[in-house]
Amino acid sequence: MSEPLLSIRNLRASVDDKEVLKGIDLSVAAGEVAAIMGPNGSGKSTLSNVLAGRDGYEVTDGEVRYDGQDLLAMEPEERAATGVFMAFQYPVEIPGVVNATFTRTALNAQRKARGESAIDAIDFLKRARATLGRLEMDEDFLRRDVNAGFSGGEKKRNEIFQMAMLEPRLAILDETDSGLDIDALRIVATGVNAMRNPERTLVVITHYQRLLEYVVPDSVHVLADGRIARSGDRELALELERAGYAAFQPA
Amino acid sequence: MTPLRETVETVERASGEYRYGFVTDIETERAPTGLNEEIVRFISAKKEEPEWLLEWRLKAFRMWLGLENREPRWANVHFPKIDFQEACYYAAPKQEGDGPASLDEVDPELLRTYEKLGIPLREQEVLAGVAGAGNVAVDAVFDSVSVATTFKDKLAEMGVIFCPISEAVRDHPELVRKYLGSVVPQGDNFYAALNSAVFSDGSFVYVPKGVQCPMELSTYFRINAQGTGQFERTLIIADEGSRVSYLEGCTAPQRDENQLHAAVVELVALKDAEIKYSTVQNWYPGDAEGKGGIYNFVTKRGACRGADSKISWTQVETGSAITWKYPSVLLQGDRSVGEFYSVAISNLRQQADTGTKMIHLGRDTRSTIISKGISAGRGQQTYRGLVRVQPKAGGARNFTQCDSLLIGDTCGGHTVPYIDVRHPGAEVAHEATTSRISDAQLFYCRQRGLDPEEAVSMIVNGFCRDVLQQLPMEFAVEAQKLLGISLEGAVG
Amino acid sequence: MRPSSQPDTMTDAWLAGQRTAFAACRDSLPGSGTPWVDALRAEAFRQFEEDGPPTARIEEWRSGPTAALTGQVFAPAAPDGARAAAVPAPYLEGPRHRLVFVDGRFSPDHSDAGEPPEGVRLTTLSALLAENPQAARDLIGDPDAFAEERLSRVTDRRPQALVALNTALASDGAVLLIEDGVALAHPLEVVHVARETEEPRAHHLRTLIALGAGARAHVVEVHAGGSAGVWTNHVTDIAVGAGARLEHVRADAGSETAVHVNVAHARLRAGAAYAGFVLAATGGAVRTETRLSLEEPGADGEVNGVCLARESGHIDALTRLDHHAREGTSRQLWRGIFADTARGAFQGRIRVLPDASGTNAALDNRNLLLNAGARAESKPELEILTDDVACSHASATGELDADALFYLRSRGLSEQLARALLMEAFTGAVADRIAHEGMREFVRRLVDDRLHALGSATS
C-alpha cells in the first residue's frame, strides 16, 4: 500500500492528569480498514476523541500526521473540513435543529472551507433521499431534530447517514456497534461497506468482533493499557473472540 | 442560502458592530428640553390636536406627576436615576407646511435611511402596482413623527385604516376617542403615564367587521436625534370577525448616551377577531462596557373583549441596554385566546426584564406562554410573568414553558413566574429549565465542520425554534440573523 | 403587580404592643442578667423595629398572612404552671428521645430525654443559658455553629422582623448538639403544646441543632394544642457539618385556628445533607419558611412539603435554596390542597451563585383546588448566576383529575372514597420521601387525618 493517510507516532495523552494513552504507534493507509480492539478502559475512546480534537484531552507527547499535515494542530472543524469524520459512541441531541438543516449546513461549511461551492437545497435533498434509502431509513429522519428522541439504533444510523453525506476521507467509528441489535448492526455495516473505496480510510473502534464479521478489516490492532499491544490481520480478531482480552489485561 | 449561512455572512459583514448605528444628517425641529405642562401643550399644538386630546394629555401629565418617584423598582434591572427634565420630548425632521402627501415629498435623506435599514419605502410603493397583494404595508416612524405610510390606498379599499395616530386623531376622532387608553389607562404605570402625556406619533389600525387584512402591516421605528426619547403610541382595533397581522421593527443610532423609549401599545380584539402582533426589537444595546444604548420601557397590552377573540404577541428582543416589557392579554371574552412567544437575548451588559401577564376573566379562556431567554457576556435576563385566573373564569387553561440558556459564567438567567388561581376548574401548568450549551453539543457540531460561532448560532436557533416559527416568514429570517449577530463574541 | 398597602395605624399599634411586651418580659426571659444575652436581645429588638412588621409591600410577604399576624397584638405568654395541659401521647413509635414544651416553656414532667449517646448534648435553651452562660456563649459564639450575629440576623436578606423578634423574646426551645462522627440512633421528638387561651398569646420558640462533621440525626418537631388567639413564632436554627446528615420533619398536629409562623434555616458544609419535610395544615394562618444555604461543595438539600388549608385558612410556604458552592444538588417537592375559601401560596426559589458551577436543582409544586372560593398562588423562581447548571421548576394548579376519579368510581368506589384516595396519592408521594420509617409512618398518619378533615369539610 501507498504512503499512510494517518500515521500516529508515540502518542501520549492524559485526561484529568491521568495518562491514558501511553505511546501509541499506528499507521493506516489510504483505502485501508483498520480495526482497533481492546478491553474497557484501554484508551479506545480517548484515542478517537484525541484524533477528532475534543477538549479535555491533553496530548503530552508524540505526533499525528494526517495526509501530510499535523492533525493535532488543527481545530475540530478544520479536521472535519479536511475529511476527518467521527461517528460518536454517544451521538448528541440538539433540540430544535432539524436533521436536514444540520447536515446540509455541515456539508456546506466543509465545502466552503475547501473552496468548493455550496450544495443547494434541492440537490442536497436528492442525495439525502438516496442515502436514506440505502440505509433503510425513513425520510422522516430529515425532518426530525438532530438525535432528539431517537432510539439508540436510530442515533447510530444517523451517524452513518451523516458520514455518507459528508463523504470523509478518514472515518473513525467509535463503538458504532454498541447497543445495536442484529438487524440494525447489519444495516449499519451495509452502510459502512458502501463507503469503502481505495481513497477512504476507516478506523473501526470496537470491543467485540461481531461488527468485523460484516465490515471485514484489513488490519487489526489490539489496544491495551494505552499502547498497541499487537497487530495482525483478521485472524487476530477471531483469536480475541475465542480467547478474550485476558492476555492483554494488566496484571 | 440557508438562514444560518446568511447569518454568518451577515455577521462577517457586520463584523461584530451594530449595523444600524449610523446617524442620519437631517435638520430636526425640537421642543425645548424638559417636561412641564407647557411642553405637553406645545406637542399637542404642533400636532394641531383637538381640545379633548390636549385635556387627555394634561390629565396624564398630572397623573405622572403624582407618580413621581414611583418608577417601577421591582424589576431586576439597574441603571442610574433618569432625569426626566434633561430629555427632549419632541423631535421631528424639519419640513415646510403640511406633511408629505406622497413619497416624492419625503426628504430623500430619510428614504435613504430606511433603505439602509432594509426598508425600501419607495420600492414598496412601486411594487404595489406590479406585484399586488402579499406585500407588507409600512408605516415609518422617525424620531417623533410618522414619515411615510405605504399601501394606504389599497388598504382603504378594504376599509382598513392604517395611518399615523396623529392622522387618525384628525380623520377618525370617534374611533381614537373611544379606544385610546381603554386598555392601558393614562395612570396605569409611571412610563405609560409619561407616554400618555407626551406621545408623539405611532400607528393606528382599524380593521372593520369581517375583514381579513390582505397584507402584513408593519411599522419601523427609528430614533435618530440626539438627546431625545421616543414615545410612540400604537392603537390597533380588530372589529368583529376581522383579522390582522402587525409587525414592528426598531433601530437606533449608536450613541454614548442612553436614550429612553417609552411606548404604549394597545390592542382591542372584538368578537371573533384575531390580532397577531410581532416585534423584532433591535435598538442599540450599548457597547461592551455598558456605555450608551436604549432604555426600552414599554407597556403593551391587548384586550380580548369579545367571545372567541385571539391576541398573539411574538417578540424577538435582541437590542436595548435595558428592556422592561410585559406584553399582556386581558382575556375578557369567553373562549378567548392569548399567546405570548418570546425570544430575548442579553449579551454585553444588556439587562432584560421581560415576560407577560395573562389575566383570565372569561370562561374557557386559554393562554400559552413560550419564553426563551439567552444570556451571554455580562448580560442579565429575567422572565417575569403573571398568570391569573379570576373567580369567574371556569375552564381556563394556561400552559407556560420558560427556558433559559446561559453562555459563559458571567451572565445570569432568572425566572420569576407568579401564578394565581381562583377557580377550581382551571388548569395552569408552568415549566421552566435553565441550562447551558453543552460542550458535547458544541464539539459535535464542530466535528461536523461548523466553527464555534456557527455552532452556537445553530444551537441557539434550535433552542428558539418554537418561537421563531411563530413569526411571519420575512421576519423569521431577519430574527435568525439577529440572534447570530447579537451573540457575536459570546463564545470564547 | 403592585401590592396593596395596609393601613399604617394598625401596624403602628402592633409595633407599640410588641414594645410593651418586650419591656414587660425582658427581665424574666432565659439568660436575663447575663450581659451578652441582654445585649443580644436588645439588639435583636432594635433590628425588629428597624425591619418593621411584615406587610404585603415586602416581596417575600406579598401573599403572606399579614393581617392575621398584625391584626391583633399577641403578648408573650407568662409562665403559668397552674393550668393543666393536654399533652398528647408520643407520636413516634419505638425508641425515641422526647422533649415537651408547654406554652413555650420546657416541661420536664412530660419529657423523656432518654440516654443520648456520648458526644450528644440534648438540652434546652433555658438550661443552656442558666447552667453556664459563658459556655453557652462560647458555643453560640463559635463562628462555625451559631454566631451571635446569626441569632439576630438569621437569614440571607432583610427585612426579617419575626426572626429578630424571636431572638428578642425566645422563651425556650430544644437544643441538640452532636459532636463529629456521632450518630443519634433514635429520633428526637420535640413537641410544642399551646394551651387554649382567651387573650391573644404569643409563644416565641427557638430550636438549635448543630451536627458536627459526619454526624447523623433525625428530628421531628410537632405543634399541638392551641386555639384561635395563639400565635406561635418558632425559629429552628440548623448547622450541618461536613458529610453530616439531618432529616428534619416539622408538622402541625394541633389547632386549626391558631396563627403559626415557622422558620427553619440551615447551613450546609461540604458534602452535608439536609432532608426536610413540612406539613402545614390549618383553618387559621400558617407561614412556613425553609432557608437552606449550601455553603460548601457537594452539599445536598431536600425540602418537601404538604399544605392543606380549609375554611378561611391561609398557608404561605416559602423556600429559599441558595447554592453558594459547586456541585451542590437540591430537590423540592410541594403539594397543596385547598378547600372552602382557603388560600394557599407557595413561593419557592432556587438561587445559584456565581461560584456554584455544577449545580443540579429542581423544584416541583402542584396544587389542587377542591371548590369555588379556594385560591392557589404559586411563585417558583430561578435565579441563576453561572452557566454550568441544570435547574428546573414546574408548577401546576387544577382540580382532581376527572378521568382518574371516573375510573375509580367505575370500579365501585364512592365518589368520596375516590377523592380521598386520589388526594392521598397526591400527598403520599411527598411523605414517602421521608427516609426514617417511623417518621414516615407518623407523617402519613397525620396527613391522612388532616385529609379526612379536608374531605369531610367539602363533601
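Tutor: In this predicted model, let's begin with strand E15 of chain C, residues 314-323, where ten of the ten residues are buried. The cover lies on both faces of E15(C). One side carries His314(C), Asp316(C), Leu318(C), Arg320(C) and Asp322(C), and the other carries Ile315(C), Ala317(C), Thr319(C), Leu321(C) and His323(C).

Strand E13 of chain C, residues 285-294, runs parallel to E15(C), and ten bridges join them.

In helix H7(C), residues 161-169, nine of the nine residues are buried, so the helix is largely enclosed by the rest of the structure. Among those buried residues are Leu162(C), Val163(C), Asn166(C) and Thr167(C).

From here, move to the place where chain C meets chain B. The contact involves 33 residues of chain C and 40 residues of chain B. Together the two chains bury about 2800 Å², with 51% of that on carbon and sulfur atoms. Three residues, Tyr418(B), Pro424(B) and Arg436(B), supply 21% of the area that chain B buries against chain C, more than any other three residues. Arg436(B) also forms a salt bridge with Asp388(C), with the closest N and O atoms 3.4 Å apart. On the side of chain B that touches chain C, the elements giving two or more residues are strands E20 (380-389), E21 (397-407), E22 (412-421) and E23 (427-436) of chain B. The residues on that side divide into 15 nonpolar, 14 polar and eleven charged.

Strand pairing also crosses from one chain to the other here. E23(B) and strand E20 of chain C, residues 389-398, pair in the antiparallel sense over seven bridges. In that pairing, Val428(B) stands opposite Thr397(C) of E20(C). As background, strands of a sheet pair through backbone hydrogen bonds, either parallel or antiparallel.

Chain B meets chain A as well. There, 34 residues of chain A and 22 residues of chain B make the contact. About 2300 Å² is buried between chain A and chain B, and carbon and sulfur atoms give 61% of it. The count is four salt bridges between chain A and chain B. Asp145(A) forms a salt bridge with Arg465(B), where the closest N and O atoms are 3.0 Å apart. Between chain A and chain B, 14 residue pairs are in polar contact. Several elements of chain A give two or more residues to the side that touches chain B, including helix H1 (44-52), helix H3 (99-113) and helix H6 (152-166). H3(A) provides the largest share of that side, eight residues. By residue type, the side of chain A that touches chain B has 18 nonpolar, eight polar and eight charged residues.

While you have chain A in view, find its open sheet of four strands, with the order E2-E1-E4-E5 and antiparallel pairing. E2 and strand E5 (69-70) of chain A stand at the edges with a single partner strand each, so one side of each is left without a neighbour in the sheet. Within the sheet, eight bridges join E1(A) to the antiparallel strand E4 of chain A, residues 57-66. Arg9(A) has Glu63(A) in E4(A) as its bridge partner.

Most residues other than glycine have a negative phi. Asp17(A), however, has a positive phi near 65 degrees. Asp17(A) lies in the loop between strand E1 (4-15) and strand E2 (18-29) of chain A, and at 75% relative accessibility it counts as exposed. Glu48(B) has a positive phi too, near 50 degrees. Its place is the loop between helix H2 (37-46) and helix H3 (51-66) of chain B, and Glu48(B) is exposed, with a relative accessible area of 69%.

Methods: Residues numbered from 1 in each chain as written. Chains lettered and ligands numbered in written order. Predicted model: local features only at pLDDT ≥ 70, side-chain atom pairs only at ≥ 80, totals over all residues. Heavy atoms only, no water. Contact = heavy atoms within 4.5 Å. Buried area = accessible area lost by both parts, 1.4 Å probe. Salt bridge = Lys/Arg side-chain N within 4 Å of Asp/Glu carboxyl O. Nonpolar A, V, L, I, M, F, W, Y, C, P; charged D, E, K, R; others polar. Pairing = 2+ DSSP bridges. Buried < 20%, exposed > 50% of the residue type's maximum accessible area, 1.4 Å probe, protein only. Polar contact = N/O pair within 3.5 Å; in protein donor to acceptor, adjacent residues only side chain to side chain.
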